Structure formats: C-alpha cells, structure tokens
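Opening the notebook on this one today.

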Amino acid sequence: MVNWTASAWPILASAALKSTLVLGAAWLIAYILRGRSAAARHMVWTASAAALVALPFLSVGLPALHLPLANAVLPADAGLVFHATAATAAAPAGGVAAARQAPAPASAPAPAAERGIDGKTALMLLWMAGIAAGLLQMLAASARLWRTRRAARVSPDQAEADRLATHLGIEHTVRVLETGSGMPMTFGVLRPTVLLPEEARAWSGERRRVVLLHELAHVLRGDAATHLLARTALALDWWNPLAWTMWREFLKERERATDDLVLGTGAKASEYAGHLLEIARTMQARPASAAAGVAMARRSQLEGRLLAILDGRTARGQQGRAATVAAVVAAIAMMVPLAAVRAQSQAEQSAPEVESTIAAANAQKNHEILDQAAVSYEQLRKYAEAQ
C-alpha cells in the first residue's frame, strides 16, 4: 500500500505554492488599483478568495498537466515504482515453480523508522487540524447567530428599514431584529437579517437611519456571502501570512466600500463619521460571532475608515453584484490551468511498457510481473494498459 502521506503531500505542497502565487497576484492588482474605489479593490480580494477555495478541488479533480519546468518547482509523488526485471534477482535457481512463488514487490517496504510520524506527516496533520479548526469556528459562529436570530424580536425600525431598502433598490424583504446587546450586524445569505441592539431605541432618528443604511448596504452588496467565502479561504490557508493580510484587506475595503455607498445616498460625511466613531467607542463586536456575521465597525480599522470618509478626494464608485460574480468566475477559470499543472510522479516516469513487461513475464514464466504492472497502471489511471 502506498503511504497516504506520499500521495497527499504533493497535492498540499503544490496548492501551497499556487495559493501564494494567487495572493501575490492579487496584491499586485490591488496595488495597481490603489487610486480606484474601495469597491474595486474589494472585488479583487473577493475573486482571489474564490480562487483559493476552488484551488484544492480543481487540483484533485482535473487531469494532470505536465510542463517541462513543473518538476523543478513542484513536489512530485513518489508513487509506485515498478521494475519488470525484479523477479529475476528474487527467483531462486530451483525453477519455474519457485519463481512463481517469489513475486517481486512493487516497492520496497519502508524502514521501521519511517513507519511512524515523520516530519511531513506531522506537518500535514497540523495543517489539516488548522483547517478543521477554522471551519468549525465558522460553523459555531453561524450556529450562535442562528440562535440569536430565533430569539430576537422584530425591531420597531422595521418600517423605516423597508423604506430605505426600497430606496437602495433591494427588492426582497430584509428583516430587522432587536437583540439584547452587541454591535449592529448583518447575517444570512438566503435570509439576510439586520441585528440591532436594544439600546438603539435610545439613539437619535438620524443615527438609526445611517446605521440601517450601512447594514442594508451590506445586504445590497451581498457581503454576507463574500464574508463566508473569504473566511473559508482563510481557513484553508491559515498557515500563510499572505492569507491573513488578504483577510484584513478584504475587511478594510469592504467597510470602506459600504461607507461609500452610504455617502452616495446623501449622508453628510462629518455626521456619518461622528455616528460611526460613537458606535465603535461604545460597542464591540462579539468575537464568537465575527466569523460568520458582518459587524458594522472594528476598532482596529476605524482610523483609516474615518480618514477615507472625510477625504473628499476619495473615489467612491461602486461595483454591482454582476461585476463581482463575473470577477469570481474569471478568477476560477484562470485557476484551471494553474491547478492542473503537476510534477510528473516517479511512477509515471518509471511506468512499465506493456510489450516489454509481457515479454519479461513470458521469459521468466512468472505472471506475477503482469499483476504488478496492472496495479501500477491502475494507480496511474491508465486502465486500458492495466487491462
């Protein structure tokens, strides 16, 4: 049996190299677009997150594409190496019957020291544990917000939210619910919901209006869905510092793009900045819910957001959902050839030739050689040769 580490390690290591290449390209594009709107840069980070999520699935599902330089850059699978003449050395001088009882192994057994957890295996287990922890954190945050939504009551601002949603062009109903405490937040992909704290009742009408506009802008942009997409990409590439930087830039540009949309409705920049500052000062998003919900303000990003809001020279264009979907599809399409590129495995380089294998088996009168060759071809998915 081929060691599972030998089979899985090349896939994960190749995905690591390719994901770093994707993040580097996203950084370059975002830098080129530094003078454009926050929505344009956020679209770049969203597309890169989609490419990172699609990469492992494409790498496993696509047929291998071998390029001359692939073996010099990407790790190769040691695979199953077949030697058609192995039975000659193993066969005793006693004759044909003895030769048939002593088939050559397809690969040498691993030394005892290699049967335990080696460095690669430990690294892969750590990698997978990190991925599982990230995905479970998302699941736990979603479950927490589902429970919060079920226990919440309808907000007295529902009618105002319906009016503002119509003004923004949102055609479906967005529920506005009141919770005991917490930062204003948007949650839900299929059933988008705005969660407001109970203390919002004491806010001025203008503050409630801009908060509702901000949260409804998240709904209009589809930020709940892209949030989960980017969070999944972060879970898959948690080990990569570039992925964490991508996540921070994704959040920063998302909030700035949402601020731009609110300002585009006619909100006064100085008043909006004041409301945002007060909310960030008096409230804090729950860390347990941050993995699945879109909170209104993060203190770590507040200074940059306020400067962007008050800067009259900032480009404030918007990208529609169709443009974002097109960017995501284009990013995944561009990932197809990159994901298919793989190094040629040792087994593929040493695969037996059918006619020479049959000739060797007949010459030695040892048909176990044919069985071993068939196993080699099956592992390479060359079923016609195996037959």
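**Helix pair**

I began with H11 and H12, which are roughly antiparallel to each other. This is a predicted model, so I keep that in mind throughout. The axes of H11 (residues 269–282) and H12 (residues 302–310) cross at roughly 170° and come within 9 Å. Angles over 145 degrees count as roughly antiparallel, hence the label.

Which residues make the contact? On the H11 side I listed Ala269, Ser270, Tyr272, Ala273, Leu276, Leu277 and Ala280. From H12 come Leu302, Arg305, Leu306, Ile309 and Leu310. I sorted the residues of this contact into 10 nonpolar, one polar and one charged.

**Sheet**

Next I traced the open sheet: five strands, order E1-E2-E4-E3-E5, with mixed pairing. E1 (153–154) and E5 (294–295) are at the edges with a single partner strand each, so one side of each has no neighbour in the sheet. E3 (residues 185–187) pairs with E4 (residues 193–197) in the antiparallel sense, over three bridges. Phe187 stands opposite Thr193 in E4. I also found H8 lying across E2 (175–179), E3, E4 and E5, at about 25° to E3.

**Cores**

The largest nonpolar core has 46 residues; Ile170, Met183, Leu196, Leu216, Leu276 and Ile279 touch the most other members. H8 (residues 205–221) gives the most to this core, seven residues. I then noted a second, separate core of 35 residues, which includes Trp45, Ala233, Leu234 and Met335.

Last, I checked what Ile279 touches, leaving out residues up to four places away in sequence: Met183, Pro184, Trp203, Arg207, Val211 and Met296.

Note on methods
Residues numbered from 1 in each chain as written. Predicted model: local features only at pLDDT ≥ 70, side-chain atom pairs only at ≥ 80, totals over all residues. Heavy atoms only, no water. Axes fitted to C-alpha atoms, helices over the stretch in contact; angles between N-to-C directions. Helix = DSSP H or I, 4+ residues; strand = E, 2+ residues; numbered from the N terminus. Parallel < 35°, antiparallel > 145°, perpendicular 65-115°, else oblique. Contact = heavy atoms within 4.5 Å. Nonpolar A, V, L, I, M, F, W, Y, C, P; charged D, E, K, R; others polar. Core = buried A, V, L, I, M, F, W, Y, C linked by side-chain atoms within 4.5 Å. Buried < 20%, exposed > 50% of the residue type's maximum accessible area, 1.4 Å probe, protein only. Pairing = 2+ DSSP bridges.
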